[in-house]
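We will go stop by stop.

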Amino acid sequence: MKTRTPHAVTTGVVVRSLRPTDRDDVQSLHERMDQRDAYLRFFGARPKHLEDLAESLCRQDRTHCALGAFVGGTLVGVANYVSPVGQSDDGSPSVEFALVVDHEYQSHGIGTMLLSRLVEAARAHGIERMTAEVLAQNTVMLEVIRDRGWAHALRREGTTLHLDLDLDLDDDAQAGGPSVRRRSAAM
Ligand SMILES: CC(C)(COP(=O)(O)OP(=O)(O)OC[C@H]1O[C@@H](n2cnc3c(N)ncnc32)[C@H](O)[C@@H]1OP(=O)(O)O)[C@@H](O)C(=O)NCCC(=O)NCCS
């Protein structure tokens, strides 16, 4: 099992859209990821050109959305979605999302908070479906998903679980609401 070493977060967590000026912070967050977190996020080694990844995460348009979580001005987490390549404009708007939280700040509820805000942003942008690929060994991410009441939207395919959420149906109210959480990012 992963060793968890929570950092003592004393200030509040601010979540906002990433901007082009956040590019260096986004790159630094991804450079700080340990090998296991990188593997869970990218299903392998982290991308070689993190500056390109950072630039694309800081670009907000119809097909990209990224939120950052900041603690005392330091970027400690990113949640983003992108439209799949080749998705037709007239199809049901669907996006694929991913999350990462700085290892030092994990298990404080920041990932859960980012995911909630990303769902809100997707709804506000008229997105109808959100998907994600999660490795079966990624127990923490699967717990975050199950805590939201979304277990029914998970389908296992070999070593990966595919999450397919219908945002009209899979909201917190209809899913029974997120389970009561022991910790909160609102510190
Ligand atoms: C997955 C990830 C984003 C979660 O972020 P986080 O801020 O740690 O998540 P939270 O603190 O909101 O929730 C973690 C939950 O996982 C569960 N959890 C905590 N420790 C756990 C452990 N050792 N094993 C299993 N589940 C655990 C708990 O339910 C916890 O909720 P709780 O704190 O209310 O009890 C973060 O771990 C991460 O960046 N991982 C590496 C990248 C990755 O896997 N990204 C997902 C790809 S889609």
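Start with strand 2. H64, A66, G68 and F70 point one way from this strand. C65, L67, A69 and V71 point the other way. Every one of these residues is buried. Keep in mind that this is a predicted model.

Now select residues 64–71, the whole of strand 2. How many of its eight residues are buried? The count is eight of eight, and strand 2 is mostly covered.

**Next stop: strand 1.** Select residues 13–17. Strand 1 pairs with strand 2 in the antiparallel sense, over five bridges. Click on R16. Which residue of strand 2 is the bridge partner of R16? The partner is G68.

**Next stop: strand 3.** Select residues 74–82. Strand 3 also pairs with strand 2 in the antiparallel sense, and eight bridges join the two.

Strand 2 and strand 3 form a hairpin, with two residues between them. Click on G72 in the turn. G72 has a positive phi of about 55°.

Is strand 3 enclosed or open? Seven of its nine residues are buried, so strand 3 is largely enclosed by the rest of the structure.

**Next stop: strand 4.** Select residues 94–101. Strand 4 runs antiparallel to strand 3, and six bridges join them. Click on V82 and look across: the bridge partner of V82 in strand 4 is E96.

**Last stop: two helices.** Packed helices are described by the angle between their axes and the distance between the axes. Select residues 23–32 for helix 1 and residues 50–57 for helix 3. They pack at an angle of about 130°, and their axes are 8 Å apart. That angle makes helix 1 oblique to helix 3. The crossing of the two is right-handed.

Now show the side chains at the contact. Helix 1 brings R23, V26, Q27, H30 and E31. Helix 3 brings L50, E51, L53, A54, E55 and L57. Colour them by class: the contact has five nonpolar, two polar and four charged residues.

Methods:
Residues numbered from 1 in each chain as written. Predicted model: local features only at pLDDT ≥ 70, side-chain atom pairs only at ≥ 80, totals over all residues. Heavy atoms only, no water. Axes fitted to C-alpha atoms, helices over the stretch in contact; angles between N-to-C directions. Helix = DSSP H or I, 4+ residues; strand = E, 2+ residues; numbered from the N terminus. Parallel < 35°, antiparallel > 145°, perpendicular 65-115°, else oblique. Left-handed = near helix turned anticlockwise from the far one by under 90°. Contact = heavy atoms within 4.5 Å. Nonpolar A, V, L, I, M, F, W, Y, C, P; charged D, E, K, R; others polar. Buried < 20%, exposed > 50% of the residue type's maximum accessible area, 1.4 Å probe, protein only. Pairing = 2+ DSSP bridges.
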